[in-house]
Amino acid sequence: MSLTFRACFVQLFLALTAGISLLPVQAAVITLDVNSLSAPVVAGDTATFSGTITNRSGVTLESTDLFLSFSAFDFDALTPTQVLGSSLFSLLNFTFIANIDLFTVEVAAGTLAGTYGLQVFLSDVNGNVSDATDLRLVVTNGVQPVPEPSTVATVGLALALLILSRRRPSCRRMPQQSFETRL
Amino acid sequence: MVTVVTPAPKLVGAEGTVINTGSEFFVSMPLSNAGAERAPNVFVTGMTLGAVQRVSPQLFPVYIGQLAPGNSGVARARFRSVGLVPGQRLLLTVRGTYGSSSAQLGFVVNRFVTVPPITALPVTLLRARIQATLQSAVWNYTLFNDEPAGSPQRLAALSITVAAPVSVTGTPSGWVAETDNFTYVGWLAVDEQLPYPSHVAPGTSLGGFQIQSPTALSESTSCVINAWRHDTDAAGLVMTDLVATPRRAI
């Protein structure tokens, strides 16, 4: 490869990468940042989520101009409820409000322990929709899942083997008593 | 248990129609899928408007449809508007499910609505209602004519949309049933001339409308009650509502 060709190739590559980086990327004009993407919750309790809302929509938004939507969750276990809007505020264009209470998620009593997913996003009166945020609720101290009989049998067998394997070496390690008497 | 949350449809509410008659608050909100994933079998399982008492639907779920990206359906409800102040903002919450029968997930859509000034409905509705009771996969309906005494509006026909296999097992005396056993059931008073004795007069009710289905589950579907004017001997007012019917298979 000649130097001239290599130089042209490098220039072309740089031009292409610069062009790609200059491609317009359509950003959401309203954004929602939830403070904690994962929260531990005891079954029967309610978790409260707060976060930051940024307004780049071009107009002032009132707190009651903003709506939360939830999707992709186990509706038997989770009940999300919007809190946003219960306290009034105005959000000027190109401003944000931080640590504002957004919503609560009630975890039904009797929910099995585990991790439950939930998707939340923000929309406004002008039809703007934010990107979705994935949340995880780690339900603890809930009802423990009952192991299947096959699992119980496997665990029992493993325990029995473990006990057996421990007994055999211990026999070999028995101290040998000597009845020799030194003369 | 771990629920995978992405990718998922994005169901959002849009500005709908709100009418405040002074006694009832009519809300009709479009539900749009703003995401890139399809939302199959969308059902609304609950609608609340702050702490206001809901009048209709009395029973959920209500089927919305298959919402492909960019498509929308409409969630409708009526609430009591006594005590509401025009200008007041209330949070309308629509809860529902989507997905196949084996893998259903939940959604919630919120939107603040402003209580508008009291206004009359664009059309005068018949003051009538239907009450449904379900017992062992048999749905019984009773019609109530809530028109004021002296009103010429007499109930003369009832039509119910169904979305499951049904058979008509009860028809009041003086009425006749018609159905295709899958999409609709209609009952019509058979009287042909005044004084139409089988029509339901104001302040009275008529039961005995009955259907049966293999399923024991219910959903709410639309129904229409038609009146006949006894003063002019012509078609009268109409009332549309949602009523419990056998639940569709998904």
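Among the contacts in chain A between residues at least 6 apart in sequence, 71% join residues at least 24 apart. The model is predicted. Chain A has 183 residues, and 26% of them count as buried. Two helices and 10 strands are found in chain A.

**Where the chains meet**

The contact between chain A and chain B takes 26 residues from chain A and 25 residues from chain B. On the side of chain A that touches chain B, three strands of chain A each supply at least two residues: S5, S6 and S9. Their residue ranges are listed below.

| Strand of chain A | Residues |
|---|---|
| S5(A) | 66-73 |
| S6(A) | 78-82 |
| S9(A) | 114-124 |

S9(A) gives the most to this side, with eight residues. Sorted by class, the side of chain A that touches chain B has 13 nonpolar residues, 11 polar residues and two charged residues.

Strand pairing also links the two chains. S5(A) pairs with strand S9 of chain B, residues 104-114, in the antiparallel sense, and the pairing runs over four bridges. Within S9(B), B:Val109 is the bridge partner of A:Ser69.

**The two domains of chain B**

The domain assignment divides chain B into domain 1 (11-114) and domain 2 (128-246). The C-alpha centres of domain 1 of chain B and domain 2 of chain B lie 26 Å apart. The contact between these domains takes seven residues from domain 1 of chain B and seven residues from domain 2 of chain B. On the side of domain 1 of chain B that touches domain 2 of chain B, six residues are nonpolar, one is polar and none is charged.

**The largest nonpolar core**

The largest nonpolar core has 89 residues. The members that touch the most other members are A:Leu118, A:Leu137, B:Leu143 and B:Ile225. At least three residues of this core come from each of domain 1 (11-114) and domain 2 (128-246) of chain B.

Which residues does B:Leu143 touch, not counting those up to four places away in sequence? B:Leu143 touches B:Ala128, B:Ile130, B:Leu155, B:Leu158, B:Val200, B:Ser205, B:Leu206 and B:Ile225. B:Ile225 is also one of the core residues that touch the most other members.

Methods
Residues numbered from 1 in each chain as written. Chains lettered and ligands numbered in written order. Predicted model: local features only at pLDDT ≥ 70, side-chain atom pairs only at ≥ 80, totals over all residues. Contact = placed C-beta atoms within 7 Å. Nonpolar A, V, L, I, M, F, W, Y, C, P; charged D, E, K, R; others polar. Pairing = 2+ DSSP bridges. Buried ≥ 20, exposed ≤ 12 C-beta atoms within 10 Å, placed from the backbone. Domains from an automatic or database assignment. Core = buried A, V, L, I, M, F, W, Y, C linked by C-beta atoms within 7 Å.
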